[in-house]
Amino acid sequence: MQEIIKVKNLSKVFNKPIRGNGLKGMIKTLFSNKKIKFTAVNNISFTINQGEMVAYIGANGAGKSTTIKMMTGILTPTSGEVLINGMHPYDSKARKKVLQNIGVVFGQRTQLWWDLPLQETFSLLKDIYNISDKDYDERFNYLKNILELDKFIQSPVRTLSLGQRMRADLAASLLHNPSILFLDEPTIGLDVLVKDHIIKAINEINKKYNTTVILTTHDMSDILNLCHRVIIIDEGKILFDGSIDEIKNKFGNIKTISLKSSNFQCEKLLEKYPDINIENKEGEINISFDGDKIEIKELMRNLLDCGSIQDLNIKENDLTNVVKTIYENKNF
């Protein structure tokens, strides 16, 4: 597969002024050169191939947004490099060519003209990206159909609902047929039906145009529905880079039994199964265990000996819990 993004030994260090307390401290800060260095991204490296759909995730302040800004040319690295189709996106000479090959959707921002009808916004983008009439008609009609824009194509952007605007923003980012699409929280705040519609559209666009997708999100269901690969960053360093199957396999076949009981004897179950993890919150009990090491039928029989059970369900390995574990260990 063709390599389309290369991140090599990438670092970004910010100089932050040391702020004093109170009004006097604030005034002193204005005339002080004292600063501290903060490393947002710390010597990370990875490559992404054409057509891949990759989740790039991390907690708030982990460094993911700073990385994306360097990958899109908004920020310049302190050291290391980013190559988009062999070009540095932050290089002023290459920037125009790079921008022709990327599309960006920010869940809480828009690239649409607020007071113009959506149709006119798309016409402006056609001229900005110098799209030929033939290519524009083909892509516009395809995106209009797959994202169901017909009902509000003549409406001013300011009158659109959040779900309508997100669909319109996605179409706007794809009109020039970029080879790479950056999605930052593309389904934030959307209802279930609109969210599913956007996820389906992104998958179809990836199949039709072989578009590379970089997804940043806190929604694990988006990751499972779109991506096969996950890169996890924390405190500026990459903790994990691999497939979703790999991340689950490395953590074992973890299963969770949730039950309700007013008299459950957790200690009795732990005596027989010291490797399981039990959380008891006022009678709501979660029992996590490795399904490869513990036979679930035998465990269920022993559960019944530990107390009366009113309700019970079993869940397979959950990506949210896996990611949480990686954050907590930070040595995966």
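K195 is buried (under 20% relative accessible area, with exposed meaning over 50% and partly exposed in between, for a 1.4 Å probe and protein chains only), its relative accessible area being 15%. In this predicted model, local features need pLDDT of at least 70 and side-chain atom pairs count only at pLDDT 80 or more, whereas totals for chains, interfaces and linings use all residues. Residues are numbered from 1 along each chain as its sequence is written, and side-chain values use heavy atoms, with hydrogens and water left out.

The side chain of K195 meets that of D219 in a salt bridge, with an N to O distance of 2.4 Å. A salt bridge is defined here as a side-chain nitrogen of Lys or Arg within 4 Å of a carboxyl oxygen of Asp or Glu. Because K195 belongs to helix α7 (residues 192–209) and D219 to the loop between β7 (212–216) and α8 (220–226), the pair ties together parts that are 24 residues apart in sequence. Helices (H or I, at least four residues) and strands (E, at least two) are DSSP runs, numbered from the N terminus. D219 is partly exposed, at 23% relative accessibility.

The structure contains nine salt bridges. One of them joins R229 to E52, with the closest N and O atoms 3.2 Å apart. This pair links distant parts of the chain, 177 residues apart: R229 is in strand β8 (residues 229–234), and E52 is in the loop between β2 (35–49) and β3 (53–57). Both R229 and E52 are buried. Through salt bridges with shared partners, E52, R229 and D241 form one network. A further salt bridge is made by the side chains of K126 and D133, at 2.8 Å from N to O. K126 is buried, with a relative accessible area of 16%.

M26 lies in helix α1 (residues 22–30) and is exposed, with a relative accessible area of 54%.

The domain assignment, which is automatic or from a database, gives domain 1 (3–248) and domain 2 (253–316). The C-alpha centres of domain 1 and domain 2 are 42 Å apart.
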